[in-house]
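The sequence and structure come first, and the notes follow by topic.

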Amino acid sequence: MTADRPAPEALLELATDLALRAGDLALSMREGVEVSATKSSPTDVVTAADAAAERLVVDGIRAARPGDGVLGEEGADDAGTTGVRWVVDPVDGTVNFLYGLPQWAVSIGVEVDGVTVAGVVRDPAKDETWRAVRGAGAECISAAEGRPLRCSDAVELSQALLATGFSYDARRRAVQAQHLVTVLPRVRDVRRMGAGALDLCAVAAGRVDAYYEQAMNPWDWSAGVLVAREAGARVGGLRGRPESSDLLVAAAPGVFDALHDLLVSLEADTDPLAAR
């Protein structure tokens, strides 16, 4: 590959270094953290740690690869000139972070010509680093070990543990709650853990059998989708649409179709924000 297009493994190493550093910074700022701003709704919060962690990652990218594009949740948006784009969520699970719940992460996906080729999800609270390179598998590295990832072998939706998430918009949440009334009796149980990137990694590790969520942004799923896919999970939107569409589904191959079909049966419900 050219100097502008290094091997995905090199991009992964830079992403890992930046995610580790950003995670350490956010963790050091957690004590006494307060809301500094809101975004899509009064419950969609931003803290000083979100902004500081994104600055650290963006500055690191600029220093190492100044021509690359960057898309960050907290405002970084530069198309770049190299065909390489970094998709950054500096604190995925900010409400968990705010409340001191140990379920949040730094997520960095790296795209080349629009295809994610490397991804890192760093969980500082649990000292776990989830990584993947396209076509080369996924792994989780902790203080004790590094291990390859493989999704579960679940085949019955009725026995599947399902993760999901909810919108910050009250009207959309109301519709999602109605959907859950239909979904919950058809699965083993449902978990709402509050960090989409880590939910995708949980699918990769077999900690849950499946995950779905509506209206995610690229920084929510860029790295986590790659980790899940490289661990053998199926990922996509409904009716063959890509994961970048309105609803993302990630699941063990044995339960993907059944979950997909169940969610398709709910798709006709009107999304109160669809016209926006």
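Which residue in S7 does glutamate 111 stand opposite? In this predicted model, the residue opposite glutamate 111 is threonine 116 in S7. The notes below start with the strands around this pair.

**Sheet**
- Strand S6, residues 105–112, and strand S7, residues 115–123, run antiparallel and are joined by seven bridges.
- An open sheet of eight strands has mixed pairing and the order S4-S3-S5-S6-S7-S8-S9-S10.
- Strands S4 (77–78) and S10 (146–148) stand at the edges of the sheet; each has a single partner strand, so one side of each is left without a neighbour in the sheet.

**Helices across the sheet**
- Helix H2, residues 48–64, lies across S3 (69–72), S4, S5 (84–92) and S6. The helix H2 runs at about 155° to S5.
- Helix H6, residues 218–230, lies across S3, S5, S6, S7, S8 (128–133) and S9 (138–142). The angle at which H6 runs to S7 is about 100°.

**Cysteines**
- The structure holds zero disulfides. Cysteine 140 is in no disulfide, and the nearest cysteine sulfur to its own belongs to cysteine 201, 7.8 Å away.
- Cysteine 140 is buried, with a relative accessible area of 0%. Cysteine 201 is buried, with a relative accessible area of 0%.

Conventions. Residues are numbered from 1 along each chain as its sequence is written. This is a predicted model: local features need pLDDT of at least 70, side-chain atom pairs count only at pLDDT 80 or more; totals for chains, interfaces and linings use all residues. Side-chain values use heavy atoms; hydrogens and water are left out. A disulfide is a pair of cysteine sulfur atoms within 2.5 Å. Buried means under 20% relative accessible area, exposed over 50%, partly exposed in between (1.4 Å probe, protein chains only). Two strands pair if DSSP finds at least two bridges between them. Helices (H or I, at least four residues) and strands (E, at least two) are DSSP runs, numbered from the N terminus. Contact means heavy atoms within 4.5 Å. Axes are lines fitted to C-alpha atoms, for helices over the stretch in contact, and angles run from 0 to 180 degrees between N-to-C directions.
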